[in-house]
Amino acid sequence: KSGFISIIGRPNVGKSTFLNRVIGQKIAIMSDKPQTTRNKVQGVLTTDDSQLIFIDTPGIHKPKHRLGDFMMKVAQNTLKEVDLILFMVNAEEGFGKGEEFILEKFENIKTPIFLVVNKIDTIHPDKLFSVIDSYKEKYPFKEIIPISALEGNNVETLLTQIKKYM
Ligand code: GDP
Ligand code: MG
């Protein structure tokens, strides 16, 4: 099984921490390379039964800046071409303007999207449920998976679910 996975989400939700955890030290993370192509490969996870290629989607991370039509189209096309989108959010903060901006980009996209609720190590389970509920009503996510990228909680479960969509 193999496929392309785009991780999107606001700055500081834990995208890099997640990639570092799943890819580990075996394979170089290429995020320092200049962004010459439109899909920036951030890391490749190769296991016995799968090859998962994680890519960055330029243009979808910066709701504060006005983006040109071109950048927006590039981002939209990237999301259409990958096999799976991981929309990562911060369990501490819940739904906000930044998330709304990104959700708008999901209109007309048929690619399956997971909601990955990160940093569950920092919050009370009751709060987690209400955060998840606030997202559930906004978009029909294929899976909703709470994780702690920092501590590793549930990361294996997420990888198992990802492989089902490859
Ligand atoms: P990115 O901007 O989305 O790539 O976010 P980073 O991976 O750089 O993480 C931003 C900050 O959040 C860093 O200080 C991380 O250590 C922290 N962080 C990331 N994941 C977790 C998590 O699961 N739990 C906690 N407590 N902190 C996290
Ligand atoms: Mg990062």
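Lys119 sits in the loop that runs between strand E5 (113-118) and helix H4 (125-136), where helices (H or I, at least four residues) and strands (E, at least two) are DSSP runs numbered from the N terminus. The model is predicted, so that local features need pLDDT of at least 70 and side-chain atom pairs count only at pLDDT 80 or more, while totals for chains, interfaces and linings use all residues. Residues are numbered from 1 along each chain as its sequence is written, and chains are lettered from A and ligands numbered from 1 in the order in which they are written.

**Backbone and burial**
- Lys119 has a positive phi near 75° although it is not a glycine, and it is buried, with 24 other C-beta atoms within 10 Å (buried means 20 or more such atoms, exposed 12 or fewer, partly exposed in between, with C-beta atoms placed from the backbone).
- Asn12, in the loop between strand E1 (2-8) and H1, is likewise a non-glycine residue with a positive phi, of about 75°, but Asn12 is exposed, with 11 other C-beta atoms within 10 Å.

**Shell around ligand 1**
- Of the 15 residues around ligand 1, those that come nearest are Gly14, Lys15, Ser16, Thr17 and Leu150, a residue being near if its C-beta atom, placed from the backbone, lies within 6 Å.
- Helix H1 (residues 15-23) supplies the largest share of this shell, three residues.

**Confidence**
- The protein chain averages a pLDDT (the predictor's confidence in each residue, from 0 to 100) of 84, and 83% of the residues score at least 70.
- The complex has an ipTM of 0.99 and a pTM of 0.89 from the predictor.
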